[in-house]
Amino acid sequence: MIRNAPRIGKALANPHNNFGLLRLVMALAVVVSHAFSVTDGRVEQEPWFQTTGFTLGEHAVNGFFAISGFLVTMSFVRRGWRDYVVARLLRIAPGLIAATLVVALLLGAAMTSLDLGSYVRDPRLWRFISATLTSFKSSAALPGVFEHNPLQFPMGTVWTLKYETLCYLGVLVAGLAGLLAKPRVMLAAGLALTLAVVLREVVTPHGSKGTETALRLPLIFLAGGLCYLYRERVPLSLPLLALAILALVPLSFTPLYKAALYLVSAWGVLVLALAPALTRRSVEPPADLSYGVYLYGWPAQQALHALFPGLGAMALFWPSLAVTLAVAALSWFLVEKPALGLKRRLLKGS
């Protein structure tokens with residue numbers, strides 16, 4: 001099963017992959033997941049949380065970090081640090097800046113209970129913009145906006161960008177230090193993080209969620225990066241993936257469960273993205289709406305819940321999905337795609 005399975009290195013030569021499709025599916029999964037928390041402020045009712053210990057949105061974020069770790073490690077190895085820095089900045093910053101200003105100055109101004117003059121003069125508005133753009137603070141509220149919602153903050157997903165940025169910096173530092181050319185050193189770092197996850201489950205299994213996240217996301221990102229560094233050895237086997245997922249069931253009763261879940265998730269999403277059996281034809285979306293869906297899904301759901309507080313989770317999901325996709329398309333064509341065009345021109349001239 002493993003011996004005959006194709007390796008990642010060989011699969012990268014194929015003309016097609018599923019990265020774009022998977023990113024869009026995972027962004028939509030985040031919107032589905034947040035339909036529950038937006039309506040009542042809790043995640044406990046979500047079926048995925050009850051069965052796996054993590055929400056559907058958290059599983060989707062895990063997939064994002066695995067793909068990101070794989071692709072940005074590949075980006076640094078292939079292009080070097082200057083191109084890497086330009087590419088990272090122009091992929092993340094323009095969409096985030098636009099989303100923050102749209103939510104703060106357009107959506108917030110339309111939804112606030114204050115008059116427009118008071119809203120614009122309120123220092124909380126400008127603190128929101130500053131905190132979102134400089135520290136990716138997702139718990140900041142806007143004055144008079146969503147006051148009666150269970151959760152009042154209007155950009156609930158940007159917190160993951162803090163970890164994403166830190167992981168980008170980690171790749172940059174490791175690359176400049178020459179560690180990406182020493183896969184065994186990076187593997188040792190991955191093993192250390194894995195051990196830290198297991199030890200946390202042994203010592204403080206019900207400890208801080210923040211500590212859990214601070215270990216979870218870097219480990220999954222690094223696992224994605226390691227899959228690239230060991231691309232000539234890592235297999236792409238759908239039967240093996242199915243067995244690995246089944247193995248998580250008995251492990252769920254042990255301290256090994258979360259570490260195993262993170263590693264299986266990281267490898268599994270790359271199997272889905274690159275396995276030749278799944279990539280014979282191009283199924284890439286014509287536009288990359290995933291980042292816009294991720295950024296705008298939460299504020300769209302918050303606004304609709306404020307306007308129609310009687311809607312349940314699934315009733316809220318469908319109209320919020322339509323609004324989110326429309327705004328994400330505007331974000332792609334007006335902001336993100338032009339920024340990527342600028343990236344290509346800058347990198348071509350470098």
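**Figure 1. Helix H5 in close-up.** In this predicted model, H5 is a helix of 31 residues. From its first C-alpha to its last, H5 reaches 43 Å. That is close to the 45 Å expected at 1.5 Å a residue. H5 also bends, by about 30°, and the bend falls at Val103. The helix covers residues 81-111 and gives two or more residues to the lining of the largest pocket.

**Figure 2. Helix H2 and the glycine that follows.** H2 has 22 residues. Its first and last C-alpha atoms lie 33 Å apart, close to the 32 Å expected at 1.5 Å a residue. A bend of about 30° sits at His34. Of the 22 residues of H2, 16 are buried, so the helix is largely enclosed by the rest of the structure. Just after H2 comes Gly41, which takes a positive phi of about 80°.

**Figure 3. The largest pocket.** This pocket has a volume of about 1200 Å³. Its lining counts 38 residues. Nearest the centre lie Arg23, Leu71, Arg88, Arg91 and Asp288. Six helices are listed as giving two or more residues each to the lining: H2 (19-40), H4 (56-79), H5 (81-111), H8 (159-176), H13 (290-307) and H14 (313-349). H4 supplies the largest share, eleven residues. By class, the lining holds 22 nonpolar, six polar and ten charged residues.

Figure 4. Ser75 belongs to helix H4, the helix with the largest share of the pocket lining. Is Ser75 buried or exposed? Its relative accessible area is 14%. Buried means under 20%, so Ser75 counts as buried. Leaving aside residues up to four places away in sequence, Ser75 touches Gly80 and Tyr84.

**Figure 5. The cavity.** How many cavities of 30 Å³ or more does the structure hold? There is one. The largest cavity contains about 30 Å³ of space. Its lining is made of Val197, Arg200, Glu201, Glu212, Leu215, Arg216, Lys258 and Tyr262. Helices H9 (183-203), H10 (209-229) and H12 (257-274) each supply at least two of the lining residues.

Technical notes
Residues numbered from 1 in each chain as written. Predicted model: local features only at pLDDT ≥ 70, side-chain atom pairs only at ≥ 80, totals over all residues. Heavy atoms only, no water. 1 Å grid on protein atoms, 1.4 Å probe; cavity = no way out; pocket = protein on both sides within 12 Å on 5 of 7 lines; lining within 4 Å. Points joined across faces, edges and corners; volume = space filled by probe spheres on them. Helix = DSSP H or I, 4+ residues; strand = E, 2+ residues; numbered from the N terminus. Nonpolar A, V, L, I, M, F, W, Y, C, P; charged D, E, K, R; others polar. Expected span 1.5 Å × (residues − 1). Bend = angle between axes of the 7 residues up to and from the residue. Buried < 20%, exposed > 50% of the residue type's maximum accessible area, 1.4 Å probe, protein only. Contact = heavy atoms within 4.5 Å.
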